[in-house]
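Here are my notes on this one, point by point. Have the model open while you read, and check each item as you go.

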Amino acid sequence: MKNYLIKICFVLLGLNLYGQSSINVGKTIRVNYHFMLKSDGTGNFNEVTDGDGRLFSGYDWAQKQVLQMNQQSDQNIQMKIPLGNTLPVLNKNYNYVLDAVYFWRDDNTFYYSQAENAYTIYGQNKGSVMNVIIAETTGSTGVGGAANSTAIAIPITGVLHKYIKMQNEWDAYLDQWNTLGYFLGWAQALTTSHEFGHLLGLNHTVLYGNGVACPVGCPLPGYTYVQGPIVSSCGDNIVDTPTAWDITSSNNCTEHPGIFNAATNGLYFSNNLMDYSNNLGLSPNQIEYIHNGLELGNRAFTSCNAVANDLTLCDVGYPKVSYFGKNILVGNCGTLADITNREIINIYYSQSVVLNNIEIRADSQLEIIFEPVCSF
Ligand SMILES: [Zn+2]
């Protein structure tokens, strides 16, 4: 089914304390990507190509998706529901930085259904980087995902686990080449942004928890699971987003705004990132909730938190894309530190960077970026 987006969201939210936050202080979240390949190296992007003959690697794809997610974070729109609302459209002030990209060749973790094991076995920097598992599902081409903040097969004590699993991103990429002749990628990035919304503490605005629609007592054909009994409070527990009851009671039970894209073109279509609408709006309280989390329980995942300690490296390069430290020393090991083979590397520092004995080739890039430690 082309371009059909389905999100299967099974959400186990981590506990974020809700308190004062500085929503005007920008915050950056470290993310890494894991491409799950078959043991023979097929079935997904790899280190060099898109797995289908084009010189567009998993590194390139991940960079592009993170860029698009950041473009989505740079925008906000007036929420369409509640109808007639005059809520301010605030800057979101959070974005993402790509920490690293990994490729794993293992038939036992190739499929989306095996993603929890993939995270358990191959997850990196758990507790300080949010991990993204890119996997495939047979018999389906719909892009979808799920977010998980707590449950893994083998817990590591004291570490807050934050990972999302995405299915069929590779299929959707190939499908765009086949149908459009180019790669757009926008819709897939929105789906990933939605899943990160869960990791950042948000629930669906009109569905609750594990994806069961809030019951509203309406006789909606085909959607028996929302027919009742009425639970008028069912929602995300954020006061300025609508409950399902708010909407369906005002439209005489003709549309439930949270059921996939059933109401996409209707008056009651929700354009909130945390609905199934595939749009990017966030309410003021949702933004505040995200910032609260990043200042408290999710603080360990911010880049400003990662530049608080000194870092010494013999070499820099893939699979790491970004390095973070206070005083950073590179290449002081007697061997040449080199950036080659189309590597694009970023170094974020809060105090100083010393580069010794380092070579950067013409096809590669190094960017050194000042990043102050967290002010919150
Ligand atoms: Zn969701």
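1. Start with the strand pair β11 and β13: six bridges join strand β11 (residues 344–355) to β13, and the two run parallel. Within this pairing, tyrosine 348 sits opposite isoleucine 369 of β13. For the terms: two strands pair if DSSP finds at least two bridges between them. Helices (H or I, at least four residues) and strands (E, at least two) are DSSP runs, numbered from the N terminus.

2. Some ground rules. This is a predicted model, so local features need pLDDT of at least 70 and side-chain atom pairs count only at pLDDT 80 or more, while totals for chains, interfaces and linings use all residues. Residues are numbered from 1 along each chain as its sequence is written, and side-chain values use heavy atoms, with hydrogens and water left out.

3. The sheet around that pair is open and has four strands, in the order β8-β9-β11-β13, with parallel pairing. Its edge strands are β8 (311–313) and β13 (365–370), each of which pairs on one side only. From one strand to the next, the twist averages 55°. Axes here are lines fitted to C-alpha atoms, for helices over the stretch in contact, and angles run from 0 to 180 degrees between N-to-C directions.

4. Stay in strand β11 for glutamine 351. Not counting residues up to four places away in sequence, glutamine 351 touches Lys326 and Asn327; contact means heavy atoms within 4.5 Å. The C-alpha atoms of glutamine 351 and alanine 308 are separated by 9.1 Å, although the two residues are 43 residues apart along the chain.

5. Which strands stand at the edges of the other sheet I looked at? That open sheet has five strands in the order β2-β1-β3-β5-β4, and its pairing is mixed. The edges belong to β2 (94–105) and β4 (144–148), each with a single partner strand, so one side of each has no neighbour in the sheet. Neighbouring strands of this sheet are turned by 20° against each other on average, with direction ignored.

6. On the β5 side, alanine 135 has glutamine 167 as its bridge partner, and isoleucine 134 has methionine 166.

7. Is β3 mostly covered or mostly open? Mostly covered: six of its six residues are buried. Met130, Val132 and Ile134 are buried on one side, and Asn131, Ile133 and Ala135 are buried on the other. Buried means under 20% relative accessible area, exposed means over 50%, and partly exposed is in between (1.4 Å probe, protein chains only). Helix α1 (residues 58–73) lies across β1 (27–37), β2 and β3, and runs at about 160° to β2.

8. Tryptophan 186 belongs to helix α4 (residues 186–199) and counts as partly exposed because its relative accessibility is 31%.

9. Some backbone details to check. The peptide bond from tyrosine 318 to proline 319 is cis, with omega near 15°; proline 319 is in the loop between β8 and β9 (322–330). Asparagine 93, in the loop between α1 and β2, has a positive phi near 60° without being a glycine. Asparagine 93 is partly exposed, at a relative accessible area of 28%. Asparagine 341, also not a glycine, has a positive phi of about 55°. Asparagine 341 lies in the loop between β10 (337–339) and β11 and is exposed, with a relative accessible area of 62%.

10. For the overall picture, the protein has seven helices and 13 strands. Of its 376 residues, 53% count as buried. Among contacts between residues at least 6 apart in sequence, 68% join residues at least 24 apart. The protein exposes about 15,600 Å², and carbon and sulfur atoms supply 52% of it. Accessible areas come from the Shrake-Rupley method with a 1.4 Å probe, and for residues only the protein chains shown count as cover.
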